[in-house]
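Dear colleague,

I am passing on to you the structure that I have been going through, and the sequence and coordinates follow directly below. My notes on what was found come after them, and I would be glad if you read them with the structure open beside you.

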Amino acid sequence: MRWRYILFFVGILSIFLGLTMIIPFIYSIICHDNSARPILLSASITEISGLLLFFGFRFKNNDYISPREGIAIVALGWIATGFFSALPFYFGNAFNTFTDSFFESVSGITTTGASVMTNIEGVTPSLLLWRSFIQWLGGMGIIVLSLAILPLLGVGGMQMYKAEVPSPIPDKLKPRIRDTAMILWKVYAGITIAEILFLLIGGMSIYDAMNHAFTTMPTGGFSTKNLSVAHYDSVYIETVITIFMILAGINFSLHYQMLLGKPLAFWKDSECRFFLCFLLIVTLIITINIFPVYDSIGKAFRYASFQVVSIVTTTGYGSADYELWPGMSQMILLLCMFIGASAGSTGGGMKCLRVMIYFKYCYKELISLIHPRAVRQIKVNSQPVSSDVVSSVLGFLGLFVGLFAISSVLLASMGVDIVTSFSAVASAIGNIGPGLGTVGPTENYAGLPAMGKWLLVWCMLLGRLEIYTIIILLIPEFWRK
Amino acid sequence: MKVVIIGAGEVGFHIASRIAYEQKEVVVIDTDENALRRVSESIDVQAIKGSGSSPSVLKQAGIENADILLAVTDSDQINIVSCLFADYISPKTLKLVRLRDSDFIAYNDALQTFSPHIHTIINPDVEAVKTIERFMKVPGAVDVGDLADGKIQLIGIRLEKESPLLGLKLMDMPRMQNAGHFLIAAVIRKEMLIIPRGNDVLAEDDLVYIVCESQHLTQTMNMLKVDITPVKRVMLVGGGRVGFRMAMSLEKQSIKTKIIEKNPEICQKLAEKLDKVMVLQGDGTDQSLLIEENIQDMDMVITLTGDEEINILSSLLAKRMGARSNITRISKFSYFPLVEAIGIDHIVSPRLSAVNTILQHIREGNVLSAVSIKSEQAEVLEANVPENSKVCGKMLQKIGFPKGALVVGIVRKNNAFIPTGSSLIQINDRIIVFATREVIPKIEKLLTVQLKYH
């Protein structure tokens, strides 16, 4: 483990992050909202730390980066990004404590969307723009973005890419990792611009449209309104956001194929098919279940579809208070938090692909009881899935559930009630946002104890980097020479 | 008429003997002296030792004035290279090639259009699968063949005690149901082939060859009490090339299929490529495995391993344990007579299928296809009626067909039908003639224009 390399790359990431703070800074100057000074201060601190690391640990950048170092760079890079992104909130007095700022910042970059802001509309617009913007950066991944635009990260890029995008079945769109990263970001940015345009047509202001697009596409869920999307109470806006949440929850390499002129790419991919069918079935069940609450099938469908898509894609917007719904619907939504979106999308959770492989594995085991000599091969998209991949999926699901269990016990030990600790941890580890109980869709995370917030920060990072990259930091063997 | 055959294996040997029987000039090339000795001792052909891929050997065999080249060695590569040189030395020679590797299938057109300009590519595995599929259409039949592009079916059935045909005189046939749509073409009684006449009576245990219009197949078979219940569950034994191809085909037809294969690595590959077919690792002769997989509920057991003794054993075992019907792959032609005696329902032989296909293709010109039945004692020929033929415009009963030949079908435009004595033959008709080997030359003469090998 060569610390020099790791800190050098973290330095590059910080310099880059500091530069992006120019965006809220300029916006702040334009609208005179008194946040220009704290943002400039944060940018300077970030930039100076970055430059210090960069020049302090500079080396000839053509060395091999080991997988282990790649993991360390990604993990520390994300923690550093969380720290520096919190500075504008802290200096801008959006929160009283650094804990809250840090929580909000990590919730942003991990695209969770859990907020500790009690009055969102009271915060200056430039800080809210920053809050949405870091979510957008975190959505496709800061490493992937850096790979795409910084030639410096060229060597060892593959190691870092794998640590940040640990899809069970990796698909490299182009032979070179840099081109792959570039394509992903272009597609991502393109769809974001499309959403901004659609939201503008629906009558949103350009500022709101940008903020919401910045938080829809990474399946983040930060809104600039206290009531989230319910604020607009518009079927058109909800429909647009629902469609773009679904797009964000689909594997981005499928979007790329689609743009290359394969219109059936979505339907041909079995994971995507599973994802879409799952959304449809859950929406229909909940529509029927909540029909008595709204007394209109149209309304019930409208609210059910939005909430289901929002939870399953791990976005976390709200257009209705699902805590008023029957227990069955709430329970289904809670379980949906675990499934998550497709692999290779910006969504979190366990990922449909893993769930599918898991079900296929279970089915295979059952079949082998009936036909002991059967030789079966688990396949996805008619491609055989190797047993290594299957066991890594099983390991992942085991760790996911295990860490969820431990964390919710820890949160409950801090005096939080059962429903809240259960759903808050599920929501954090799945990068969703709202939970149930005191962290429900109309409330927020401000009331949790400080220790609890740090625990959830940990869960959010675990979830965003898909467990292994973060949990491995706790293994002593990882740090041994 | 001169034919050069490269490869004196089972396929080469049998084609050589078939063609030589019809007084054609045949040269056989092989590197194996023993194989050559077998050929030259039993058939009247010229045998040359050497590799067919060598231009000098080809010249020695007289490829320049050969009409047809058949490359049927075990090696695809040698077959292709032989054709390549034959194409350089003698471009006008017609080239027929056996290719087994399925990788080549996608390039068949290219091989035909560009050098080596192969005329016909025969894949014995594909032919075997087609044969099995025909058997599966009529599980109760002993033999099933396609005529006139599948518009007419040739079906061999064994007469059992309850058969309505039993004790019937052929002249009484027209009074039966569906009578216009089928015809009895041949009877095999005690290994002897008879082309029946009006007074012949059908007896138990006769193997009767029936020609039937395809659209009336179901009614006719029902009437004759032949089992045509569709096959729904199949057990395949052996996952080699033919087994895999068969499994793919069954999967496409949504027939519930299980495949037993001994080799775990092959099992793994099969499992990767097949989606719905259940792959079982084990031995086709293992009783406990067959019980475990409900062999008694199988409509058909198809044994396709490379080892014919194992195939015979597992077919018999499966039948004994209650499987409805079986198809067994047997390569050695010498085993064929034995097969029926021991209770095997159908046999399939990729080599025999290849021989039949090759014969069909080399009988180009007026003869469009040829199906041979019952250890090659008879052939069904499909021929165009040439304009200058003396049979044109005549009623069938007025044409003096030789004894041992029977017109069993007429294809007019896109329709095929079973003729009666009063049917007229018209210009541009295609007639289907069932004939014993001895009378084929007479039929050639009758149709005026000689049956040509192209």
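**A covered helix in chain A**

The buried residues of helix 5 of chain A are Asp100(A), Ser101(A), Phe102(A), Phe103(A), Glu104(A), Ser105(A), Val106(A), Ser107(A), Gly108(A) and Ile109(A). Please keep in mind, here and throughout, that this is a predicted model.

Which residue takes a positive phi just after helix 5 of chain A? It is Thr111(A), with a value of about 60 degrees, and this residue is not a glycine. Thr111(A) is found in the loop between helix 5 and helix 6 of chain A, and it counts as buried because 34 other C-beta atoms lie within 10 Å, where 20 or more are required.

**Helix 3 of chain A**

For helix 3 (residues 36–56) of chain A, the 21 residues should span 30 Å at 1.5 Å a residue, and the end C-alpha atoms are 29 Å apart, which agrees. The buried residues in helix 3 of chain A include Ala36(A), Pro38(A), Ile39(A), Ser42(A), Ala43(A), Thr46(A), Gly50(A) and Leu53(A). Their cover includes helix 1 (3–20), helix 2 (22–31), helix 4 and helix 6 of chain A.

**The parallel sheet of chain B**

In chain B there is an open sheet of six strands, which pair in parallel and are arranged in the order 3-2-1-4-5-6. Strand 3 (46–49) and strand 6 of chain B stand at its edges with a single partner strand each, so one side of each has no neighbour in the sheet. From one strand to the next the twist averages 15 degrees. Strand 5 and strand 6 of chain B run parallel and are joined by three bridges, and Leu96(B) stands opposite Thr120(B) of strand 6 of chain B.

Helix 1 of chain B packs on this sheet, where it touches strand 1 (2–6), strand 2 (25–30), strand 4 and strand 5 of chain B, and its direction makes about 165 degrees with that of strand 2 of chain B. Helix 2 (residues 33–42) of chain B lies across strand 2 and strand 3 of chain B and runs at about 170 degrees to strand 3 of chain B.

Two backbone details of chain B deserve a look. The peptide bond from Ser115(B) to Pro116(B) is cis, with omega near 5 degrees, and Pro116(B) lies in the loop between helix 5 (108–113) and strand 6 of chain B. Asn294(B), although not a glycine, has a positive phi of about 55 degrees; it lies in the loop between helix 10 (287–292) and strand 15 (300–303) of chain B and is partly exposed, with 14 other C-beta atoms within 10 Å.

**Domains of chain B**

Chain B is divided into domain 1 (2–122), domain 2 (144–223), domain 3 (233–348) and domain 4 (354–446). The C-alpha centres of domain 1 and domain 4 of chain B lie 28 Å apart, and their contact takes 11 residues from domain 1 and nine residues from domain 4. On the domain 1 side, helix 1 (10–21), strand 4 (68–71), strand 5 (94–98) and strand 6 (120–122) of chain B each supply at least two residues, and helix 1 of chain B gives the largest share, five residues. That side divides into seven nonpolar, two polar and two charged residues.

**Where the chains meet**

How many residues does each chain bring to the contact between chain A and chain B? Chain B brings 12 residues and chain A eight residues. On the side of chain B, helix 9 (264–273) and strand 14 (278–281) are the elements that give two or more residues, and the residues of that side divide into six nonpolar, three polar and three charged. Strand 1 (residues 374–375) of chain A pairs with strand 14 of chain B in the antiparallel sense over two bridges, and Ala374(A) stands opposite Leu280(B) of strand 14 of chain B.

With best regards

Definitions and conventions. Residues are numbered from 1 along each chain as its sequence is written. Chains are lettered from A and ligands numbered from 1 in the order in which they are written. This is a predicted model: local features need pLDDT of at least 70, side-chain atom pairs count only at pLDDT 80 or more; totals for chains, interfaces and linings use all residues. Two residues are in contact if their C-beta atoms, placed from the backbone, lie within 7 Å. Helices (H or I, at least four residues) and strands (E, at least two) are DSSP runs, numbered from the N terminus. Ala, Val, Leu, Ile, Met, Phe, Trp, Tyr, Cys and Pro count as nonpolar, Asp, Glu, Lys and Arg as charged, and the others, Gly among them, as polar. Two strands pair if DSSP finds at least two bridges between them. Domain bounds come from an automatic or database domain assignment. A residue is buried if 20 or more other C-beta atoms lie within 10 Å of its own, exposed if 12 or fewer, and partly exposed in between; C-beta atoms are placed from the backbone. Axes are lines fitted to C-alpha atoms, for helices over the stretch in contact, and angles run from 0 to 180 degrees between N-to-C directions. The expected span of a helix is 1.5 Å times one less than its number of residues.
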